[in-house]
Amino acid sequence: MYFGQMALKYKYGEPIKYVEYTKEEIETWGVIYKNLTSMYPTYACREYLENWPLLKKYCGYREDNIPQLEDVSKFLKERTGFTIRPVAGYLSPRDFLYGLAFRVFHCTQYIRHSSDPFYTPEP
C-alpha cells in the first residue's frame, strides 16, 4: 500500500518522492533488467537504442539500481516534453489516453513480486 499512498498524495507539479527500495526489490529488478537488456539488440527500436546510454547516464538505469520516477520524468521532460505522474494502479483507457494528450505518462512505482518477476497483474 506504500506506493499507492504515495501516488494518491502526489500533487501534479511537485517533485515525485524518491523511494528507498528493499534489497529484495532491487534483486528482482536486476533479474528483469538482465533479461530485458539482453533482448534490446534484437527487439528494441532505433530510438530506444539511441537513448538507452542516456537513460543509464542520467537516470541511473543499472542492474543494481532502480531508477527513480523523478529522475526519469526530468529526463523525459527535457527530451520530449512528457512528464511522469505516479498512479496507484490501473487507470481506465480514457484516463490514460487523456494524460498522454497532455504529455503526461501515468506510471506505478512498485516492483513486481520476486516469486514471479516476469508477471504483473496490471495490463
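## Basis of the model

The model is predicted, with local features requiring pLDDT of at least 70 and side-chain atom pairs counting only at pLDDT 80 or more, while totals for chains, interfaces and linings use all residues. Residues are numbered from 1 along each chain as its sequence is written, and side-chain values use heavy atoms, with hydrogens and water left out.

## Overall fold

The protein chain has five helices and two strands, where helices (H or I, at least four residues) and strands (E, at least two) are DSSP runs numbered from the N terminus. Along the sequence these elements follow the pattern α-α-α-α-β-α-β. The radius of gyration is 15 Å, close to the 14 Å that the globule rule gives for 123 residues, so the protein chain is as compact as a globular protein of that length; the radius is taken over C-alpha atoms, and the rule is 2.2 Å times the number of residues to the power 0.38.

The C-alpha atoms fill a box of roughly 35 × 35 × 25 Å along the principal axes. Of the contacts with a separation of 6 or more, 51% come from residues 24 or more positions apart, a contact being heavy atoms within 4.5 Å.

## Burial and core

Of the 123 residues, 33% count as buried; buried means under 20% relative accessible area, exposed over 50%, and partly exposed in between, with a 1.4 Å probe and protein chains only. The largest nonpolar core has 19 residues, of which Tyr-21, Trp-29, Trp-52, Leu-55, Cys-59 and Tyr-61 touch the most other members. Helix H1 (2-9), helix H2 (23-43), helix H3 (46-59) and helix H4 (69-80) each give two or more residues to this core. Such a core is a set of buried Ala, Val, Leu, Ile, Met, Phe, Trp, Tyr and Cys residues joined through side-chain atoms within 4.5 Å.

Not counting residues up to four places away in sequence, Cys-59 touches Leu-54, Pro-67, Gln-68, Asp-71, Val-72 and Phe-75.

Pro-117 is found in the segment after strand S2 (104-107), and it is buried, with a relative accessible area of 13%. Beyond its neighbours within four places in sequence, Pro-117 is in contact with Thr-28, Val-31, Ile-32 and Arg-112.

Arg-103 lies in the loop between helix H5 (93-101) and S2, and is partly exposed, with a relative accessible area of 42%. Most residues other than glycine have a negative phi, but Arg-103 has a positive phi of about 60° although it is not a glycine.
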